[in-house]
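Please read the following account with the sequence and the model side by side.

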Amino acid sequence: MSLVGMTSNANPSRILPLATLGLGSLAAAVLAVAGPDLTSGSGMDGMPMTHYMGLLAVRQPWNLLLFMALPVVLAEILAITELVMLLARRGDRPVAGWVPRLSHWAGLLAGPVWVFIGLHLVANAVVPLSTSGGWRGPADVIAVLSYLAGGLPMLMISLLEAGLLGRDQDGRRRLHVAMVATFLVVAHVAMIFGMLDPAVMGYSPKAPTSMSHDMGSMPGMNHDMGDMTGMDHSTMMPSAAPAK
């Protein structure tokens, strides 16, 4: 495996994939760093769940589509098209032209998608949680870091599709299959630990240190004190004047 040098007489058929990968990754990086924080706003912060599940639960359905559906769909396209092409090669049958094209563009898109996801979550979740001690036990750490680790094989697939990795076609094909398999493994590890109750692996929520709770957030306790302005208080307190 080696980096393919960029030369002045590069194959024109590689210019579009390289431009797509470069511009897409640059745009994804800018959006990840400069865009709004998509990890905030959870209404379930007090519940015993991993931050992986919390991320998917907020901003429905957009977070679920961005952080789960899109990466999984791209990985499934890569896996299924790889199987189709493998079976066709073994059976010495031609493959429909749209199959390798679909695999090629899904592979190119996967890199920029994970550039955005990785940078955004590191900046808005991993760093703040690590500096503030906000992790919810080992299950929480394993889930989030396994999820982010899935970006590495996807980035390598994008480099393969852009022609920047691999000595020959056969070597690139084997590495492509290995990276798809690696992504599926770490993605399922993230799902398993992400759906686990953090308490199973020893996490214990910190007990409140003060009794100064927000009473307005408790059902039945959010009374409007303004309704009491017309109350006759003279009937509520015994008269201080001596009885005659």
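Val84 has a relative accessibility of 37% and therefore counts as partly exposed, given that buried means under 20% relative accessible area, exposed over 50% and partly exposed in between, with a 1.4 Å probe and protein chains only. The residue sits in helix α3, and its C-alpha atom lies 7.9 Å from that of Val99, a residue 15 places away in sequence. This is a predicted model, in which local features need pLDDT of at least 70 and side-chain atom pairs count only at pLDDT 80 or more, while totals for chains, interfaces and linings use all residues. Residues are numbered from 1 along each chain as its sequence is written, and side-chain values use heavy atoms, with hydrogens and water left out.

The protein chain holds seven helices and zero strands, where helices (H or I, at least four residues) and strands (E, at least two) are DSSP runs numbered from the N terminus. Of its 244 residues, 33% are buried. Among contacts (heavy atoms within 4.5 Å) with a separation of 6 or more, 75% join residues 24 or more positions apart.

Not counting residues up to four places away in sequence, His120 touches Ala32, Pro36, Asp37, Leu38, Thr39, Phe67 and Ala125.

In α5 the buried residues are Ala139, Asp140, Ala143, Val144, Ser146, Tyr147 and Leu148, and their cover includes α2, α3, α4, α6 and α7. The 13 residues of α5 should span 18 Å at 1.5 Å a residue, which agrees with the 19 Å between its end C-alpha atoms; the expected span is 1.5 Å times one less than the number of residues.

Which residues form one aromatic cluster? They are Tyr52, Trp114, Tyr147 and Phe183; rings of Phe, Tyr and Trp (its six-membered ring) pair if their centres lie within 6.5 Å, and planes under 30 degrees apart count as stacked, over 60 as edge-to-face and the rest as tilted. By this rule there are three aromatic pairs. Trp114 and Tyr147 make a tilted pair, 5.2 Å centre to centre with 50° between the planes, and because Trp114 lies in α4 and Tyr147 in α5, the pair ties together parts 33 residues apart in sequence. Trp114 and Phe183 form an edge-to-face pair at 6.0 Å centre to centre, with 70° between the planes, linking α4 to α7 across 69 residues.

The protein chain averages a pLDDT of 80, with 76% of the residues at 70 or above, pLDDT being the predictor's confidence in each residue, from 0 to 100. Over residues 1-8 the pLDDT is below 50, although this stretch has 18 contacts in the model beyond near neighbours in sequence. Residues 233-244 also stay under 50, with two contacts beyond four places in sequence. Where pLDDT is low, the predicted coordinates should not be read in detail.
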